[in-house]
Amino acid sequence: MVRTSKRIAINTGGGDAPGLNAVIGAVVRGALHRGWEVIGIRDGYAGLLDTSKCLQLGRREVRGIAHLGGTILGTSSSGNPFEFPVGGDQTVDRSAELVKNFKRLGLDALIAIGGDGSMRIAHELAKKGIPIVGVPKTIDNDLNGTVSTFGFDTAVTVATDAVDRLHSTAEAHRRVFTVEVMGRYAGWIALHAGIAGGADVVLIPEIPFDIEAVCRKISDREAHGRHFSIVVVAEGAKPIGGQMTTKGPAEPGREVILGGIADQLAVQIHQETGKETRCVVLGHLQRGGRPTARDRLIAQRFGAAAVRVIDRGESSVMVALDPPHIRTVPLEVATSRMKSVPLDGDTIATAREIGICLGDE
Ligand code: F6P
């Protein structure tokens with residue numbers, strides 16, 4: 001007899017992003033609606049290596065969580081089962097153990113909510129026979145195959161609010177502010193918040209900058225009676241011929257930590273222009289707290305779609321936003337490259353045409 005009822009699992013991996021709980025809630029409701037069971041895996045993929053971290057999720061567990069930041073399941077940026085850290089510089093491959101636990105728990109499919117790292121792990125696990133559906137999460141918006149990830153809109157909203165607020169204090173003191181935003185190797189948050197917040201300079205990893213061009217813009221504003229300037233800089237921005245600024249080498253099984261470029265720029269701008277310059281690093285504030293309405297909506301659409309995808313027997317795919325639809329893309333496509341800001345797109349053209357300096361001219 002064919003079993004129609006399913007037992008599915010869900011985990012949240014990598015850095016958190018506003019909207020994770022909204023996805024979890026939609027998955028649980030969509031599955032219960034079909035008479036299925038949902039098992040929540042705590043702490044990302046690591047939770048499937050220790051089955052005491054698995055819990056049954058019902059309506060009670062997901063009641064009233066869609067508007068909350070963080071994740072009720074916890075997450076981990078160091079739980080890659082293929083390179084599991086075991087102390088010092090050592091990592092071991094524990095993927096076979098994970099596959100065994102997945103089968104022992106009687107699971108039919110896993111919904112993996114994560115960014116590029118989590119989707120790469122999902123792709124590898126799919127090759128080992130685990131039916132997986134990915135859900136694209138990251139404030140960085142750098143996942144290929146989807147117009148947008150959830151979490152991005154909240155990060156842009158927080159960064160835009162910060163730029164708005166800095167305007168009055170910058171103007172009052174006739175200062176320059178450098179504002180560092182997240183985004184890793186992509187400039188989506190910086191570009192969108194910079195335009196929305198009315199920044200004068202926006203520096204993104206896709207366009208290496210010339211410090212002289214940046215200072216020229218600030219001095220031009222000064223000459224025209226605009227005695228303050230706001231420079232929004234992505235954490236991954238770098239000068240022409242230079243490197244990204246990092247906080248030391250990466251730990252085993254982890255990504256390198258970016259950061260510090262806004263501070264360096266503030267020193268250089270002060271030296272070149274004589275302007276008093278202050279630096280603000282927004283950091284994890286961009287990831288914390290309540291998701292925007294837009295993020296709550298796409299998170300829930302992604303969650304419900306992931307269950308639908310399992311219901312029709314599809315796997316090794318990621319749900320993706322292709323307005324007005326949610327479609328699927330193969331995990332292979334989602335992980336094939338990073339989605340950078342297109343330099344020939346209208347958002348870059350808009351920035352230039354409204355007078356924002358992008359550091360290259
Ligand atoms: O990928 C999301 C992100 O917030 C990046 O923008 C940032 O570089 C990184 O994670 C920070 O990671 P962590 O939480 O480990 O400091």
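Predicted model: local features only at pLDDT ≥ 70, side-chain atom pairs only at ≥ 80, totals over all residues.
1. R60 counts as exposed because its relative accessible area is 64%, and exposed means over 50%.

2. How many salt bridges does the count come to? The total is 18 salt bridges. Side chains of opposite charge can pair when their charged atoms come close. Three of these pairs are taken up in the next points, namely D311 with R34, R175 with E276 and R352 with D360.

3. D311 and R34 form a salt bridge in which the closest N and O atoms are 2.7 Å apart.

4. R175 is paired with E276 in a salt bridge, and their closest N and O atoms are 3.0 Å apart. Here too the pair links distant parts of the chain, the two residues being 101 residues apart. R175 is found in the loop between α5 and β8 (176-181), and E276 in the loop between α8 (261-273) and β11 (277-281). Is R175 buried or exposed? R175 is buried, since its relative accessible area is 14% and the limit for buried is under 20%. E276, at 37% relative accessibility, is partly exposed.

5. R352 and D360 make a salt bridge with the closest N and O atoms 2.9 Å apart. R352 is partly exposed, at a relative accessible area of 31%. D360 is also partly exposed, with 33% relative accessibility. Elsewhere, salt bridges with shared partners join R175, E276 and R278 into one network.

6. A170 lies in helix α5, which covers residues 152-173. Its relative accessibility is 0%, so A170 counts as buried. Which residues does A170 touch, leaving aside those up to four places away in sequence? They are R175, F177, F228 and I230. Of these, R175 is the residue that forms the salt bridge with E276 described in point 4. A170 and E276 are 106 residues apart in sequence, while their C-alpha atoms are 9.8 Å apart in space.

7. Where does V86 lie? V86 is in the loop between β4 (84-85) and β5 (91-92). Not counting residues up to four places away in sequence, V86 touches T91 and V92. From V86 to H167 there are 81 residues in sequence and 47 Å in space, C-alpha to C-alpha.

Methods: Residues numbered from 1 in each chain as written. Heavy atoms only, no water. Buried < 20%, exposed > 50% of the residue type's maximum accessible area, 1.4 Å probe, protein only. Helix = DSSP H or I, 4+ residues; strand = E, 2+ residues; numbered from the N terminus. Contact = heavy atoms within 4.5 Å. Salt bridge = Lys/Arg side-chain N within 4 Å of Asp/Glu carboxyl O.
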